[in-house]
Amino acid sequence: MMYARGNRRDYDALAAKGNAGWDYGSSVLPYFKKAENMTNPALATSKYHGTGGPLTVSINDHKDDSVATAVKNTSQDSLDLPDKVDCNGENQVGSSFIPMNVKDGQRDSTHRAYLEPVLSRKNLYVRTHSQVIRILVYRDTRRANGVKFVHKNVKTAVFASKEVIVCAGAIRSPHHLMLSGLGPRDHLRAVGIDVIEDIPVRNNLRDHVVMNPIFPLYIDGSQAKESGSIARIPRTPSGPFHNVIFMTAFKSFRSGNPSWPDAQYVVSKVLDLDGCWRTNNSSP
Ligand SMILES: Cc1cc2nc3c(=O)[nH]c(=O)nc-3n(C[C@H](O)[C@H](O)[C@H](O)COP(=O)(O)OP(=O)(O)OC[C@H]3O[C@@H](n4cnc5c(N)ncnc54)[C@H](O)[C@@H]3O)c2cc1C
């Protein structure tokens, strides 16, 4: 639920490779703004943000001295970065209190922001507990015309008059395409799938490496114990467990362009209910 857009140079690089409609300034940014409901007054008027969209973005500015000190020390002393940047604004490099998709203290998920408000529409039908088997594609025109799926152990299909949008994630989307006969010819033939179109699917899967070192920057188990914070989470948008992640920073190490970051830092609170960090570390 961190709300951090890609770097504008990544989008511009996509456009430069021939992908029309992917450059940042005139193609992608207007949609980011249209989708966004930025609730932070200082950023709401920025030319990089929108306020009328369905997806709430809020920034908890953590009016807490120990958090403010941790952010300042991490960004300025450890990373040699400016703090208080808008990571979705003019310059992404630097640190900031983290923008989150949080509305009234709770996650503003895609479902909550987009689907819940329109669930009663007559032209929308949501079929849960269903698993797609493959996309149906006309062999002669190579147009997708439906989806085959299984629901409660019964195989069935739905048909599309316009288009099928494949959004099954980075691994399952290419998987479904290949099960449907859209993929590298040799690979599909080797596993017995009838080839409809020989296209380079699943060739560019990337992962990003994550490391989670824990430093005792901020310890406050007593607050959690005394206030019954854990029990309060589902009911009230307050307490020390809301917005536990408080800072992100982007930095460029290897890209050769200081404005084009290749590493992201995230700093979050560590809960210390039994005081073991305090006991084992002389200077919390
Ligand atoms: C631990 C973790 C933390 C993250 N934190 C953040 C964050 O703070 N901020 C951020 O911006 N991004 C974050 N991300 C990345 C973010 O979650 C993904 O980029 C995003 O969810 C991708 O959206 P998607 O719609 O493409 O795919 P997904 O969200 O993966 O949705 C694909 C959906 O397709 C469904 N599906 C797959 N196969 C089938 C099938 N055969 N039949 C029916 N349904 C199927 C899946 O069940 C799933 O619901 C995080 C990712 C992880 C793993």
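Author: Two strands pair if DSSP finds at least two bridges between them. The model discussed here is predicted.

Reader: Which strands stand at the edges of the open sheet?
Author: The open sheet has three strands in the order 1-2-4, with mixed pairing.

Reader: Which helix and which strand each supply at least two residues of the shell around the ligand?
Author: The ligand is surrounded by Met1, Met2, Gln131, Val132, Cys167, Ala168, Gly169 and Arg172. By class, five are nonpolar, two polar and one charged. The two elements are helix 6 (169-179) and strand 7 (130-137).

Reader: Is His129 buried or exposed?
Author: His129 sits in the loop between helix 5 (110-115) and strand 7. Its phi is positive, about 50°, although His129 is not a glycine. Most residues other than glycine have a negative phi. Within 10 Å of His129 there are 7 other C-beta atoms, and a count of 12 or fewer means exposed.

Reader: What is the phi of Arg202?
Author: Arg202 lies in the loop between strand 11 (197-198) and helix 8 (221-227). It has 15 C-beta neighbours inside 10 Å, so Arg202 counts as partly exposed. Arg202 is not a glycine, yet its phi is positive, at about 65°.

Definitions and conventions:
Residues are numbered from 1 along each chain as its sequence is written. This is a predicted model: local features need pLDDT of at least 70, side-chain atom pairs count only at pLDDT 80 or more; totals for chains, interfaces and linings use all residues. A residue is near a molecule or strand if its C-beta atom, placed from the backbone, lies within 6 Å of it. Helices (H or I, at least four residues) and strands (E, at least two) are DSSP runs, numbered from the N terminus. Ala, Val, Leu, Ile, Met, Phe, Trp, Tyr, Cys and Pro count as nonpolar, Asp, Glu, Lys and Arg as charged, and the others, Gly among them, as polar. A residue is buried if 20 or more other C-beta atoms lie within 10 Å of its own, exposed if 12 or fewer, and partly exposed in between; C-beta atoms are placed from the backbone.
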